[in-house]
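Here is my note on the model, as numbered points. Please read it with the coordinates open.

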Amino acid sequence: MPFRELRSGIYSVGAIDWDRRLFDELIPLPDGTSYNAYLIKGSEKTALLDTVDPAKDHELVSNLEKLGIKSIDFIIAHHAEQDHSGTIPLILKMYPNAKVVTNPKCKVMLMDLLQIPDEKFITVVDGEMISLGDKTLEFLYTPWVHWPETMSTYLKEEGILFSCDFFGSHLATSDLWVTDQPRVYESAKRYYAEIMMPFRAAIKKNLEKIKDLDIKMIAPSHGPVYDEPQFILDAYKDWISDQVKNEVVIPYVSMHDSTRRMVDYFVHALMERGITVKPFNLTKTDIGELAKALVDTATVVIASPTVLAGPHPAAVYAAYLANALRPKTKFASVIGSYGWGGKTVEMIKGSLSNLNVELLEPVMVKGYPKEEDFKALDRLADGILEKHRGLKLI
Ligand code: FEO
């Protein structure tokens with residue numbers, strides 16, 4: 001991608017990865033992503049904020065060459081994950097006088113992951129500033145978005161917050177700025193769900209920490225730049241709040257249609273009661289979409305047949321994922337069918353131990369669901385309605 005100017009002397013110099021479809025060999029990227037790096041030329045010094053994934057190092061190098069950058073004084077490393085740090089060794093070779101500026105935790109990780117030698121670092125404490133002459137960088141520790149060492153930089157004179165993964169979105173777009181807020185909202189929410197949701201409490205503290213800054217722009221390291229930052233700040237405040245929605249998310253899998261018939265009936269029953277329902281067929285679903293749905297749902301009901309005496313492995317995966325992502329969900333239950341026995345309910349319940357949820361009476365059916373089984377599903381739907389009413393969600 002070509003370099004673009006955000007403000008006088010401040011450039012976006014990173015890369016767009018239009019084709020990437022999987023991150024960490026785990027997270028689907030339906031819309032690609034970008035690895036944003038920013039160059040800030042001060043009257044005396046020059047700083048590069050983050051680099052790019054090594055697969056795209058040539059794009060960063062090309063932008064620095066086109067800008068005629070002869071020296072870099074500081075490489076600011078906000079985060080040690082390699083999609084931002086992986087090209088630091090190459091930049092250090094190109095600009096041997098540059099120092100890597102980061103916090104002590106990130107320094108250790110960069111030494112471990114990229115074997116950058118000790119003498120290349122300058123470490124900064126929370127709130128420390130570095131002057132580039134007419135521009136001042138203030139370093140703010142913003143841990144756990146999503147690793148323990150993550151930090152942000154506030155460019156004081158321009159009111160720009162460089163936030164790395166924080167506020168980012170996996171979205172490949174030729175637009176430098178957010179031009180389509182609904183689209184970016186969905187991508188940013190998905191990204192929050194996938195990697196930041198487990199650290200909701202820490203993110204709440206980070207939002208508190210930046211609340212008095214005069215932020216005119218947020219420049220993350222994935223996705224477009226927010227020139228109306230209140231949009232994403234408000235979205236994050238909503239996601240990290242304790243507020244849940246009148247929704248039931250149903251991750252489900254069915255082998256011979258018994259569980260699917262239950263899910264169909266249950267979806268219908270919930271809709272009749274005015275509850276938003278989001279079923280996810282686990283053999284087809286994109287786990288990023290499931291994670292996003294978990295951000296603010298009040299209730300999760302996992303639906304699984306019994307196979308090999310326990311839940312279907314796809315349902316185990318969904319339960320494991322929900323447990324790891326720690327959504328603010330308030331209620332959970334299990335529905336499904338079995339042939340002759342097994343421990344499906346106990347095993348799913350056991351794998352949701354991180355969630356602070358009230359478990360509602362499960363509905364497990366022998367074989368294909370019958371009249372009394374549908375009545376049990378109606379009772380579960382009534383129970384969910386009552387719980388949602390109790391929280392004034394409906
Ligand atoms: Fe975009 Fe956590 O790296």
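1. Domain 1 and domain 2 bury about 1,200 Å² between them. Of that area, 59% is on carbon and sulfur atoms. Please keep in mind that this is a predicted model.

2. The domain assignment of the protein chain gives 4-240 for domain 1 and 249-387 for domain 2. The contact takes 15 residues from domain 1 and 15 residues from domain 2. Taken over C-alpha atoms, the centres of the two domains are separated by 38 Å.

3. Lys189 forms a salt bridge with Asp296, and their closest N and O atoms are 3.1 Å apart. Six residue pairs are in polar contact between domain 1 and domain 2, with both residues at pLDDT 80 or more.

4. Which elements give two or more residues to the side of domain 1 that touches domain 2? They are helix H5 (181-196) and helix H7 (230-240). H5 gives the most, with six residues. By class, the residues on this side of domain 1 divide into nine nonpolar, no polar and six charged.

5. Aromatic pairs come next. The structure holds twelve of them. Tyr192 and Tyr236 form one that is edge-to-face. Their ring centres are 5.6 Å apart, with 75° between the planes. Tyr192 lies in helix H5 and Tyr236 in helix H7, so the pair ties together parts that are 44 residues apart in sequence.

6. Now the salt bridges of the whole structure. A search finds 28. In one of these, the side chains of Lys209 and Asp126 meet at 2.6 Å, N to O. This pair links distant parts of the chain, 83 residues apart. Lys209 is in helix H6 (residues 200-210). Asp126 is in the loop between strand S11 (121-123) and strand S12 (129-131).

7. Two backbone features deserve a look. Which residues does a cis peptide bond join, with omega of about 20°? They are Val145 and His146. His146 is found in the loop between strand S13 (136-141) and strand S14 (151-155). The other feature is at Ala309, where phi is positive, about 70°, although the residue is not a glycine. Ala309 lies in the loop between strand S20 (306-307) and strand S21 (310-311). Please inspect both places in the model.

8. Last, Ser174. Where is Ser174 placed? This residue sits in the loop between strand S15 (160-164) and H5. Leaving aside neighbours within four places in sequence, Ser174 is in contact with Arg4, Ile16 and Trp18. Ser174 and Pro224 are 50 residues apart in sequence, and their C-alpha atoms are 8.6 Å apart in space.

Note on methods:
Residues are numbered from 1 along each chain as its sequence is written. Side-chain values use heavy atoms; hydrogens and water are left out. Domain bounds come from an automatic or database domain assignment. Contact means heavy atoms within 4.5 Å. Buried area is the accessible area (1.4 Å probe) that two parts lose on being put together, summed over both. A salt bridge is a side-chain nitrogen of Lys or Arg within 4 Å of a carboxyl oxygen of Asp or Glu. A polar contact is a pair of N or O atoms within 3.5 Å; within protein, one must be able to donate a hydrogen and the other to accept it, and residues adjacent in sequence count only if both atoms are side-chain atoms. Helices (H or I, at least four residues) and strands (E, at least two) are DSSP runs, numbered from the N terminus. Ala, Val, Leu, Ile, Met, Phe, Trp, Tyr, Cys and Pro count as nonpolar, Asp, Glu, Lys and Arg as charged, and the others, Gly among them, as polar. Rings of Phe, Tyr and Trp (its six-membered ring) pair if their centres lie within 6.5 Å; planes under 30 degrees apart count as stacked, over 60 as edge-to-face and the rest as tilted.
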